[in-house]
Amino acid sequence: MPPPRAVNIMLGRSGRDAPADERSPRRVDTKERALGDSEQAATSADLSAGARSSAPPRATDVELAVLVLADGVRPDVLTALSDAGELPNITRHVLAEGSYLDGVTVLPSVTDVAYLPMLTVQYPGTANIPGIRWVDKSRFKSGRLFVTAARSYVGAAHLRFNGDLHPGLETLFELCPSSFAVRSDIHRGLSHGRNRFHHLSIPFMFFSHYLKRADFIDRLAMGSLMRATQRMRDDLPRFVFVPLLDVDTASHAYGPHHRRTIAAYRRLDAAIGAIIQRLRTLGVWRRTHLLVSSDHGHTATHEHLNLRRLVSELGYSVLEHPNVYRRWADAAVMISGNSFANIYLASEGKWDGPLTGQTLWREHPRLLDALSRRVEVEWPAYRSDAGLIEIASASGRARVGRENGWYAYHYDGEDPLRLGLAHTRVPASAALQVTAETGFPDALEQMWHLFESRRAGDIVVTSKPGYDLRGRREIPEHHSSHGALCRDHMRVPILSNRPLRNEGPVRTVDLFPTVASSLGLAPTKPHFGRSLWP
Ligand SMILES: [Zn+2]
């Protein structure tokens with residue numbers, strides 16, 4: 001049976017049909033407004049306006065919520081395989097009586113960072129983790145020894161991710177202390193022994209990268225889950241988080257539509273079948289809310305732009321992972337998912353806070369010009385002097401602003417985001433609706449909140465589909481990429497074995513409050529999601 005679709009985008013409709021208590025975002029005071037950088041929070045009233053209160057918890061028959069995060073799954077591939085009868089467990093046991101929704105992830109659309117909305121109800125910018133690689137310029141003023149001020153969560157360094165989370169946010173594990181996870185890099189709130197196969201997975205992750213396969217990692221993770229649920233059968237947790245990597249790894253290695261990647265989708269279906277079977281055996285399946293979603297899509301990569309080399313050839317001394325031990329540098333290129341990069345620049349030889357438009361164009365005109373003209377690059381974006389976000393292309397320049405719960409969007413020349421909007425103001429509650437069907441879904445909300453983090457680059461660039469930013473030196477070579485704001489990276493499927501509210505496009509940041517509602521809980525900190533639980 002084909003999954004029911006839930007795309008219903010009506011331009012001009014004012015806001016989503018949220019219940020009355022969610023329709024008007026609650027204003028929170030500055031003490032409560034803890035997220036984003038502390039320095040920036042004081043000047044970012046809009047962040048609080050974006051934060052939502054939660055409906056009071058309601059009684060529910062759900063005893064257990066399970067979130068399977070199928071890393072890198074594209075909605076079109078998943079639904080085509082389901083329609084063709086190739087994903088029998090997902091089709092019969094999840095979709096038959098449940099819901100399929102088209103969802104939108106976050107910018108950057110990259111593993112771990114794009115888990116943040118589901119597990120913390122925050123965007124990467126407001127969680128202060130604006131990429132899998134970033135630089136904190138405030139900690140790097142001398143131009144020497146980048147190590148303490150820079151992060152790359154690739155390899156064993158992914159263990160640092162949890163410690164870098166903004167202290168003011170709430171994880172789903174903190175909200176629901178009776179939680180369990182397998183190999184979750186976000187694990188604040190999980191009690192000891194409740195994040196199985198996390199440290200143990202490090203050597204396997206190393207081999208996975210070079211062997212270009214993660215099926216054995218998922219098998220080990222599933223084995224760990226099965227043994228743990230058997231052990232805990234008399235006292236099951238209320239929330240279980242299971243990230244699976246097979247599809248993402250196969251997509252990078254072979255491309256998003258390659259037969260080996262399709263085989264990974266089938267293994268995903270088998271894993272979901274095994275989870276359902278176990279829950280049936282334990283007698284809890286009828287009282288389980290099972291969600292399956294993804295953190296990003298994928299696009300095939302045919303050509304590589306070596307962004308570091310491009311910046312170097314313009315005369316910069318560039319820092320890039322893994323070579324972060326330079327004694328002196330005046331630029332840093334931090335790439336995420338191969339299609340997204342934070343670029344950080346010294347100003348007159350000094351490293352300090354974020355640079356804004358006038359300084360960038362005065363001191364780095366050749367770099368901005370090159371980035372806005374390169375055929376491989378979508379556009380560079382940066383903070384303007386007036387507190388807006390500017391997006392530049394060779395033929396136009398756009399500005400995103402936000403005030404009192406409204407986005408303002410203007411452009412000169414051709415619109416670099418091609419949003420099809422007039423020079424306009426859009427209520428923040430409609431920001432997803434008016435952009436969901438464009439080439440850059442949720443552009444206003446995602447661009448705005450990314451730059452809430454002072455760790456976001458002075459310049460952010462994304463590559464066009466077909467290209468990446470990492471050069472051929474990435475070993476093994478990637479044949480597929482993600483990280484950008486383009487449609488094929490941003491669109492993700494959301495599947496639920498229980499019917500969800502079906503009122504237009506949704507974000508992955510809505511999954512946390514949805515899981516919480518199904519368990520009779522409600523987030524206690526300001527957040528960006530809305531519950532889809534009916
Ligand atoms: Zn990936």
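This is a predicted model: local features need pLDDT of at least 70, side-chain atom pairs count only at pLDDT 80 or more; totals for chains, interfaces and linings use all residues.

Visitor: Let's zoom in on one spot: which residue in strand 20 does Thr299 stand opposite?

Guide: Thr299 stands opposite Ser481 in strand 20. Residues are numbered from 1 along each chain as its sequence is written.

Back to your spot. Strand 9 covers residues 299–304, and its pairing with strand 20 is antiparallel, over two bridges (DSSP must find at least two bridges for strands to pair). Step back and you'll see an open sheet of three strands, in the order 19-9-20, with mixed pairing. At its edges sit strand 19 (466–468) and strand 20 (480–481), each pairing on one side only. Helices (H or I, at least four residues) and strands (E, at least two) are DSSP runs, numbered from the N terminus.

For another bit of strand pairing, hop to strand 15 (residues 396–403) and strand 16 (residues 406–413), which pair in the antiparallel sense over eight bridges. Arg399 has His410 in strand 16 as its bridge partner. Two residues lie between the strands of this hairpin, and Asn404 takes a positive phi near 50 degrees there. Strand 16 is also joined to strand 17 (residues 424–427) by four bridges, and these two run antiparallel. There, Trp406 is partnered by Pro427 of strand 17.

Now for some helices. Helix 12 (residues 259–281) packs with helix 5 (residues 88–95) at an angle of about 45 degrees, with their axes 8 Å apart. Axes are lines fitted to C-alpha atoms, for helices over the stretch in contact, with angles from 0 to 180 degrees between N-to-C directions. The two helices are therefore oblique to each other (under 35 degrees is roughly parallel, over 145 roughly antiparallel, 65 to 115 roughly perpendicular, the rest oblique). Pro88, Asn89, Ile90 and His93 in helix 5 meet Asp269, Ala270, Ile272, Gly273 and Ile276 in helix 12 (contact puts C-beta atoms, placed from the backbone, within 7 Å).

Helix 12 also packs with helix 10 (residues 215–231), at an angle of about 5 degrees and with axes 11 Å apart, so this pair is roughly parallel. Asp215, Asp218, Met222, Met226 and Thr229 of helix 10 make the contact with Ala264, Arg267, Ala271, Ala274 and Arg278 of helix 12.

While you're in helix 12, look for Ile262. Ile262 is partly exposed, with 17 other C-beta atoms within 10 Å (20 or more would be buried, 12 or fewer exposed). The C-alpha atoms of Ile262 and Leu81 are separated by 8.4 Å, although these residues are 181 apart along the chain.

Last stop: helix 18 (residues 511–518). Eight of its eight residues are buried, so helix 18 is largely enclosed by the rest of the structure. Those residues are Leu511, Phe512, Pro513, Thr514, Val515, Ala516, Ser517 and Ser518. What covers them includes strand 1 (64–70), helix 6 (116–120), helix 8 (172–175), strand 7 (239–244) and strand 8 (288–293). Just past the end of helix 18, Gly520 takes a positive phi of about 75 degrees.

Notes: Two residues are in contact if their C-beta atoms, placed from the backbone, lie within 7 Å.
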